[in-house]
Amino acid sequence: MDKITKWLIRISVFVIIGYGFGYLEQAIEKKEALRFRKTIKCLNCLKPKYPKELLMSGITGSASIKVFINKDGTVRDAIVQNSSGYLSWDNAALDAARESTFNPIERDGDILIKYDMKLGM
């Protein structure tokens, strides 16, 4: 084996090992994020008000809302992560999420809440 081939093998090993450590760091960060999210508990979770036009039409569906929470448990902001396809339902879910309160947490965080709209809620 010539010198160039040996150096290429060494470089490849370092790249593979480096990638492995990066992957391990990402796995640890994901595990920590999951652990942290499990500490978030809703103290006062409001249900969205069913939009009248959707109720009258018998329309059902769901919207997922990402809620950004301050350390004191108040909601800083909320955004639609997955739309219901109905602006009035998405807005009702956003309003409910923004008015909800959570337990105090060690640092600012976020949580995903799925609001289902079903007849007879």
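**Entry 1: helix 3.** I began with the buried residues of helix 3 in this predicted model, and found them to be Trp89, Asp90, Ala92, Ala93, Leu94, Ala96 and Ala97; buried means under 20% relative accessible area, exposed over 50%, partly exposed in between, with a 1.4 Å probe and protein chains only. Helices (H or I, at least four residues) and strands (E, at least two) are DSSP runs numbered from the N terminus, while residues are numbered from 1 along each chain as its sequence is written. Local features need pLDDT of at least 70 and side-chain atom pairs count only at pLDDT 80 or more, whereas totals for chains, interfaces and linings use all residues, and side-chain values use heavy atoms, with hydrogens and water left out.

I then looked up the length of helix 3, residues 87-99, whose 13 residues reach 18 Å from the first C-alpha to the last, close to the expected 18 Å, which is 1.5 Å times one less than the number of residues. The cover over its buried residues includes helix 2 (52-57), strand 2, strand 3 and strand 5, where contact means heavy atoms within 4.5 Å.

Entry 2: I traced three strands in an open sheet, ordered 3-2-5 with antiparallel pairing; two strands pair if DSSP finds at least two bridges between them. Strand 3 (75-82) and strand 5 (109-117) stand at the edges with a single partner strand each, so one side of each has no neighbour in the sheet. Strand 2 (residues 61-69) pairs with strand 5 over nine bridges, and one of the residues I checked, Gly61, has Met117 as its bridge partner in strand 5.

**Entry 3: Ser84.** I located Ser84 in the loop between strand 3 and helix 3, and noted that Ser84 is buried, with a relative accessible area of 16%. Leaving out residues up to four places away in sequence, Ser84 touches Ser62, Ala63, Trp89, Asp90 and Met117. The side chains of Ser84 and Asp90 are joined by a polar contact of 2.9 Å, that is, a pair of N or O atoms within 3.5 Å, where within protein one must be able to donate a hydrogen and the other to accept it, and residues adjacent in sequence count only if both atoms are side-chain atoms. A polar atom of the Ser84 side chain also lies 3.1 Å from the backbone nitrogen of Tyr86.
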